[in-house]
Amino acid sequence: MVSGERGSTYLSALEAAEAHFPDQARLVQRLFYVNEAFHSMCEDLAAAAQALAHVEELSDAVREARRLEYAGLVDALLKEMREAIAQSKIVVLRRAPVSPKLR
(Lines give C-alpha, C1' and ligand atoms only; values in the text may rest on other atoms or scores of the structure.)
Protein backbone atom coordinates (compact mmCIF):
# COMPACT_ATOMS: atom_id res chain seq x y z
CA MET A 1 0.00 0.00 0.00
CA VAL A 2 1.34 3.42 -0.88
CA SER A 3 0.94 6.44 1.33
CA GLY A 4 2.54 9.81 1.80
CA GLU A 5 3.64 8.93 5.30
CA ARG A 6 4.87 5.56 6.47
CA GLY A 7 3.03 6.00 9.78
CA SER A 8 -0.36 6.42 8.14
CA THR A 9 0.23 3.38 5.94
CA TYR A 10 1.25 1.40 9.00
CA LEU A 11 -1.87 2.36 10.93
CA SER A 12 -4.28 1.96 8.04
CA ALA A 13 -3.05 -1.62 7.52
CA LEU A 14 -3.69 -2.38 11.19
CA GLU A 15 -7.06 -0.60 11.08
CA ALA A 16 -8.09 -2.62 8.02
CA ALA A 17 -7.42 -5.86 9.87
CA GLU A 18 -9.13 -4.67 13.05
CA ALA A 19 -12.21 -3.68 11.06
CA HIS A 20 -12.60 -7.26 9.84
CA PHE A 21 -11.84 -8.85 13.21
CA PRO A 22 -13.27 -6.41 15.79
CA ASP A 23 -13.84 -9.10 18.42
CA GLN A 24 -10.17 -10.06 18.26
CA ALA A 25 -8.62 -6.60 18.00
CA ARG A 26 -6.01 -7.20 20.72
CA LEU A 27 -4.85 -10.43 19.14
CA VAL A 28 -4.75 -8.78 15.71
CA GLN A 29 -2.63 -5.97 17.15
CA ARG A 30 -0.22 -8.41 18.76
CA LEU A 31 0.15 -10.44 15.56
CA PHE A 32 0.55 -7.27 13.52
CA TYR A 33 3.53 -6.19 15.58
CA VAL A 34 5.25 -9.54 16.16
CA ASN A 35 4.45 -11.64 13.09
CA GLU A 36 5.96 -10.39 9.86
CA ALA A 37 3.77 -12.61 7.67
CA PHE A 38 0.59 -11.42 9.40
CA HIS A 39 1.78 -7.82 9.12
CA SER A 40 2.25 -8.31 5.39
CA MET A 41 -1.24 -9.81 5.09
CA CYS A 42 -2.64 -6.71 6.81
CA GLU A 43 -0.86 -4.43 4.35
CA ASP A 44 -2.10 -6.51 1.41
CA LEU A 45 -5.64 -6.45 2.81
CA ALA A 46 -5.58 -2.66 3.16
CA ALA A 47 -4.30 -2.26 -0.41
CA ALA A 48 -6.88 -4.68 -1.85
CA ALA A 49 -9.72 -3.07 0.12
CA GLN A 50 -8.65 0.37 -1.05
CA ALA A 51 -8.49 -0.81 -4.67
CA LEU A 52 -11.94 -2.39 -4.31
CA ALA A 53 -13.32 0.84 -2.87
CA HIS A 54 -12.09 2.75 -5.93
CA VAL A 55 -13.14 0.26 -8.58
CA GLU A 56 -15.99 2.52 -9.72
CA GLU A 57 -13.40 4.97 -11.01
CA LEU A 58 -12.17 2.44 -13.57
CA SER A 59 -13.35 2.29 -17.15
CA ASP A 60 -16.39 0.17 -18.01
CA ALA A 61 -14.16 -2.24 -19.94
CA VAL A 62 -12.25 -3.42 -16.86
CA ARG A 63 -14.44 -2.45 -13.90
CA GLU A 64 -16.24 -5.77 -13.31
CA ALA A 65 -13.13 -7.89 -13.85
CA ARG A 66 -11.20 -5.78 -11.34
CA ARG A 67 -14.09 -5.85 -8.86
CA LEU A 68 -14.05 -9.66 -8.95
CA GLU A 69 -10.26 -9.76 -8.72
CA TYR A 70 -10.04 -7.42 -5.72
CA ALA A 71 -13.02 -9.00 -3.93
CA GLY A 72 -11.44 -12.44 -4.40
CA LEU A 73 -8.14 -11.16 -3.07
CA VAL A 74 -9.83 -9.65 0.00
CA ASP A 75 -11.67 -12.93 0.65
CA ALA A 76 -8.49 -14.99 0.28
CA LEU A 77 -6.55 -12.70 2.61
CA LEU A 78 -9.30 -12.78 5.23
CA LYS A 79 -9.32 -16.58 5.11
CA GLU A 80 -5.54 -16.69 5.52
CA MET A 81 -5.70 -14.19 8.36
CA ARG A 82 -8.45 -16.20 10.13
CA GLU A 83 -6.18 -19.24 9.93
CA ALA A 84 -3.23 -17.28 11.33
CA ILE A 85 -5.37 -15.98 14.19
CA ALA A 86 -6.63 -19.48 14.96
CA GLN A 87 -3.09 -20.90 14.87
CA SER A 88 -1.86 -18.20 17.23
CA LYS A 89 -4.35 -19.40 19.85
CA ILE A 90 -2.94 -22.91 19.89
CA VAL A 91 -0.78 -23.62 22.93
CA VAL A 92 1.60 -26.52 22.68
CA LEU A 93 1.98 -28.34 25.96
CA ARG A 94 5.11 -30.38 26.48
CA ARG A 95 5.95 -32.62 29.33
CA ALA A 96 8.96 -31.71 31.33
CA PRO A 97 11.79 -34.17 30.80
CA VAL A 98 11.95 -36.82 33.50
CA SER A 99 15.09 -36.58 35.53
CA PRO A 100 17.16 -39.79 35.53
CA LYS A 101 17.26 -39.59 39.34
CA LEU A 102 13.48 -39.89 39.53
CA ARG A 103 13.30 -43.13 37.56
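**Notebook: core and aromatic pair**

I looked up Phe32 and found it buried, with a relative accessible area of 1%, where buried means under 20% relative accessible area, exposed over 50% and partly exposed in between, with a 1.4 Å probe and protein chains only. I note that this is a predicted model, in which local features need pLDDT of at least 70 and side-chain atom pairs count only at pLDDT 80 or more, while totals for chains, interfaces and linings use all residues. Residues are numbered from 1 along each chain as its sequence is written, and side-chain values use heavy atoms, with hydrogens and water left out.

I then searched for aromatic pairs (ring centres of Phe, Tyr and Trp, the last by its six-membered ring, within 6.5 Å; planes under 30 degrees apart stacked, over 60 edge-to-face, the rest tilted), and the count came to one. Phe32 and Tyr33 form this edge-to-face pair, at 5.2 Å centre to centre and 90° between the planes. Tyr33 is partly exposed, at 47% relative accessibility.

Of its 20 residues, Phe21, Val28, Phe38, Cys42, Leu45, Met81 and Ile85 touch the most other members. Helices α1 (6–20), α2 (25–34), α3 (36–53) and α4 (60–88) each supply at least two residues, the helices being DSSP runs of H or I of at least four residues, numbered from the N terminus.

Lastly I checked Ala17, which lies in helix α1 and is buried at 0% relative accessibility. Its C-alpha atom is separated by 5.7 Å from that of Cys42, 25 residues apart along the chain.

Conventions
Core = buried A, V, L, I, M, F, W, Y, C linked by side-chain atoms within 4.5 Å.
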